[in-house]
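Keep the sequence and the 3D view side by side, and try each task before reading its solution.

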Amino acid sequence: MATNRWPLFDYFPSLARSLNPIALCNGPTPVMHAQSLSENAWIKCDDVCAEQYGGNKIRKLEFVFAEIKRSRAERVITFAPSGSNAAVATAMVCQQQDIDFDVYTFPQPNSASVCTNRALIDHYQANVLPRSNFLSALSSWAFTLQRLNPKNYFMYPGCSQQSAVFAYINAAIELSLQAESGECAMPKDIVVATGSGTTVAGLSIGAALALPGCTIHAVQSARTSLGPIDVCSLEGVKRFRQRAWKTLKHHSKKLSTRHDENIVWHDSYLGGGYGADTLKSKFALERGKTIGLSLDPTYTGKSFAAFCDLLTKSDDTALFWNTHSSAPLPENLKHAHLIRSGVPLTPSLSSANARAPRM
Ligand SMILES: Cc1ncc(COP(=O)(O)O)c(C=O)c1O
């Protein structure tokens, strides 16, 4: 069993000093053989990467919070859909690290997991600043006077700082070590949900380094753009990848200038848009349950649907990267999914949890 948390630094020792991630996850995360789906089906269980709340955001935050600590920030400010996994993860880590957290939110389609996330964001004492739509949340975040205060750290939605890419370069190398040690088969295809693109960008570089011949299937979970703003696109992923590759090259002269084009982009699972159910995603959620997966409609329902389709088309070893937390809810939130959209949280979930403002 591989035990090294940061195999990335075995490849690039001098990078350890500049990134210096903080440990928030238990890792390496397990790999599971999903034989009931197919002899060739494997799952990388990032859903259990941390006890309180798992998923891909916690891995990313290991690198992003290192940056926040270096900047000596006392407050993190972001914007997000109202039931965002990124907002939950950031709120939890901010609470652990005693850093304030402001999140400008905008509405998204309602679902049980969205309601649960809203309750979790409140549970972790985020300062929620609701706005009526995406552009209003974006402009509140972009043009707030808080930008003048150097103690504030501005985080992109989805925890998608450039440093987050290294989390998934590291994760792909982690997987390659698990395959080498016989914990799982070496995957030919990896299927993963895509929002900001930092996870896919990292996996694609990690695969180029350590998983020869492996293709990363990026399953689009949000519209390509909103007005002039690039939201979820292959071009966006390539930009993240290019910048990270340049940094790696700086730390290892042996690296070639070009890296593999190893991403296949899937836009056909998006359906009506971000968070909107599709027939395939509903079916995938149910199918996931039969093998113990707790998936969400926004991201992993759609990526798992793509994974199931791939299994029917190919006999190659395929791996589904589970990016959605399956951590149990805190005791006082066990019924959070029953909280309906528009109904205020009960006092025990909202005002009672409010944190005193930092003086
Ligand atoms: C469960 C889940 N999977 C996948 C993603 C996509 O990750 P990324 O923003 O790195 O593309 C997100 C968030 O955006 C997420 O919450």
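Predicted model: local features only at pLDDT ≥ 70, side-chain atom pairs only at ≥ 80, totals over all residues.

Residues are numbered from 1 along each chain as its sequence is written.

**Exercise 1.** Find the strand order of the open sheet of six strands, then look at β1.

Step 1: Helices (H or I, at least four residues) and strands (E, at least two) are DSSP runs numbered from the N terminus, and two strands pair if DSSP finds at least two bridges between them.

Step 2: Read off the order, which is β1-β2-β12-β7-β8-β11, with mixed pairing. The edge strands are β1 (31-33) and β11 (263-266), each pairing on one side only. From one strand to the next, the twist averages 25°.

Step 3: Zoom in on β1. Three bridges join β1 to β2 (residues 41-45), and the two run antiparallel. Met 32 has Ile 43 in β2 as its bridge partner.

**Exercise 2.** Describe how α3 packs on α4, and how α10 crosses α11.

Step 1: Take the axes, which are lines fitted to C-alpha atoms, for helices over the stretch in contact, with angles from 0 to 180 degrees between N-to-C directions. Helices α3 (residues 56-71) and α4 (residues 85-97) pack at about 50°, with axes 10 Å apart. The axes of α10 (residues 279-290) and α11 (residues 300-313) come within 8 Å and cross at roughly 85°.

Step 2: Classify the angles. Under 35 degrees counts as roughly parallel, over 145 as roughly antiparallel, 65 to 115 as roughly perpendicular and the rest as oblique. Therefore α3 and α4 are oblique to each other, while α10 is roughly perpendicular to α11.

Step 3: List contacts, meaning C-beta atoms, placed from the backbone, within 7 Å. From α3, Lys 57, Ile 58, Leu 61 and Phe 65 meet residues of α4 including Ala 89 and Val 93. From α10, residues including Ala 284 and Leu 285 meet α11 residues, among them Phe 304 and Cys 308.

**Exercise 3.** Which element gives the largest share of the shell around the ligand?

Step 1: Count a residue as near if its C-beta atom, placed from the backbone, lies within 6 Å. The ligand is surrounded by 19 residues, and the closest are Asn 85, Gly 195, Ser 196, Thr 199 and Thr 323.

Step 2: Two or more residues come from each of α4, β7 (189-194) and α8 (198-210). The largest share, three residues, comes from α8.

**Exercise 4.** Which two residues does a cis peptide bond join?

Step 1: The bond joins Gly 27 and Pro 28, with omega about -5°. Pro 28 lies in the loop between α2 (13-19) and β1.

Step 2: Asn 20 lies in the loop between α2 and β1, and its phi is near 45°, a positive value in a residue other than glycine.

Terms used
Contact = placed C-beta atoms within 7 Å.
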